[in-house]
Amino acid sequence: LHSYPRLLQSFRMKQLFQHYKKHAACVLTSTTGISAYNLGGTTLHAWSKIILPNSSSSVDIHQWVDSLVNRLRRNARVSTSYRKLQLLFVDEVSMLGANYLDTLNYVCQQLRNNQLPMGGIRIVFGGDMMQLPPVKDEFPFQSASWPTLNLKYVRLVKAWRFDNQQWVDLLQRARLGQLNDDDKAALESRLNIEVPSHVIVPPIYLASRNDVVDEVNSCCLDSIQEATYTFLAKDYVINVDPQGIVTQMFPEQLSSVITNQFIVDRKLDLKVGCQVMLLANLDVEKGLTNGTRGIVKRLRDDAAIVKFDVGTFEIAEHTFKLEDNFKWYARVALPLRLAFATSIHKSQSLTLDSVEIDIGSQVFSEGQSYVALSRCKSLKGLYIRKLDVSKIRPHALAMAFEQEFMKTCVNI
């Protein structure tokens, strides 16, 4: 299921779920916490209980998958949810990696004792493949499972009108790498425009490279004239029961091979007034999801009080777990990172009122520039620091998929 703008597709997916849940066992999921919250659903990872091993791990993947199936089978609640499910909705499918989809397909077949694709579960995907592929993975349509699913492609084509229709049309052309002269002039008009001084929360800065992100975050934090609070994470080797609950924790200094897999850093410096981003789905129903941004209002030695759009909450330490080569590890840390800036890749699924972007010579991947542009709700909210229009082009594989999609899709 695809439409443009993408918000309409998510709206229709939610409508479909509301209709079919009256007649069948359904679950509504998305690949990101923010998208899941906007849908009123849950993340696919939370429902499936599948977290892939790091791609740099030397684990035997077949042995690992069989171990995963056995662990999920021993969890009565999880295995029952797999067996009873009839219809699975997955939004933001472009961020679902090929390896993850193949693993999910196999797990469903094993837990349901059914060798049909997805173990006989019907599936509805929503998304736009013209965004970036998943980190350290391939597009879902490159998976071995994709062609076996017998998917029917549907495009929503109703002529919706928007107050910012010119911007919507520009983004659609940017998505395909087909900007016209007027589009280029519109983007150039936002080049090096200063952010108004009356803006309370400055726009987040999106950059293609992580070293640029780190530099911007460090400089912005240094500019705040408040005391610095330093939070240090604690690392453990852990034992986990079949339900995924930690039963024992043993403090240990872990190797860099393990620590580099955690999404939260070992050391975090914060000040009152700094911008932060949540790194965990603490409460999807309340909007406390991975990727949510806020401003630190108060700090204690063991917690931060952060004001988000959904309210002000105390953020305390959180346990991040990972499995590597059949061993479990944990990092207990404040689930926050500085968010004056973030990478274009990590901004996927965000919708922002205003944004500063660098889409110049440092853009290194097709689709990056389009993703950065399409985070913003309007041209007026866009502040471009560097611009190279030749970089606004789609990934060749995504474009080939789009062309095939257009040949076979049903327009409704």
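**A walk through the cores, a helix and the sheets**

Hi everyone, let's start at Trp146. Leaving aside its neighbours within four places in sequence, Trp146 is in contact with Val93, Leu101, Phe125, Met129, Pro140, Phe141, Leu151, Tyr153 and Phe401, where contact means heavy atoms within 4.5 Å.

Before going on, a word on the source. This is a predicted model, in which local features need pLDDT of at least 70 and side-chain atom pairs count only at pLDDT 80 or more, while totals for chains, interfaces and linings use all residues. Residues are numbered from 1 along each chain as its sequence is written, and side-chain values use heavy atoms, with hydrogens and water left out.

Back to the tryptophan. Trp146 is one of the residues with the most contacts inside the largest nonpolar core, together with Tyr82, Leu88, Leu104 and Phe125; this core has 39 residues. A nonpolar core here is a set of buried Ala, Val, Leu, Ile, Met, Phe, Trp, Tyr and Cys residues joined through side-chain atoms within 4.5 Å. Buried means under 20% relative accessible area, exposed over 50%, and partly exposed in between, with a 1.4 Å probe and protein chains only. The elements giving two or more residues to this core are α3, α4, α5, β3 (87-91), α6, β4 (122-125) and α12 (396-408). Helices (H or I, at least four residues) and strands (E, at least two) are DSSP runs, numbered from the N terminus. Which helix gives the largest share of this core? That is α6, with six residues. Apart from this core lies another, of 28 residues, among them Ala186, Leu187, Val355 and Tyr370.

Now look at α5, residues 76-84. Val78, Ser79 and Tyr82 are buried there. Seen down the axis of α5, the buried residues fall within an arc of 95 degrees, so they line one face of the helix; the arc is that of the directions from the helix axis to the C-beta atoms. The face of α5 turned away from its buried side carries the exposed residues Ala76, Arg77 and Lys84. What covers the buried residues of α5 includes α3 (44-48), α4 (61-74) and α6 (98-112).

Next, β3. Five of the five residues of β3 are buried, so this strand is largely enclosed by the rest of the structure. Leu87, Phe89 and Asp91 point one way, Leu88 and Val90 the other. β3 pairs in the parallel sense with strand β1 (residues 26-30) over five bridges, and also in the parallel sense with β4 over four bridges. For strands to pair, DSSP must find at least two bridges between them. Leu87 of β3 is the bridge partner of Cys26, and the bridge partner of Leu87 in β4 is Arg122.

Finally, the other sheet on my list. Five strands form an open sheet in the order β14-β13-β12-β11-β17, with antiparallel pairing. Which strands are at the edges? They are β14 (311-316) and β17 (336-338), each pairing on one side only. Inside the sheet, β12 (residues 293-299) and β13 (residues 303-308) pair over five bridges, and Val296 has Val306 in β13 as its bridge partner. Gln275 sits in β11 (residues 275-278), and Gln275 counts as buried because its relative accessibility is 5%.
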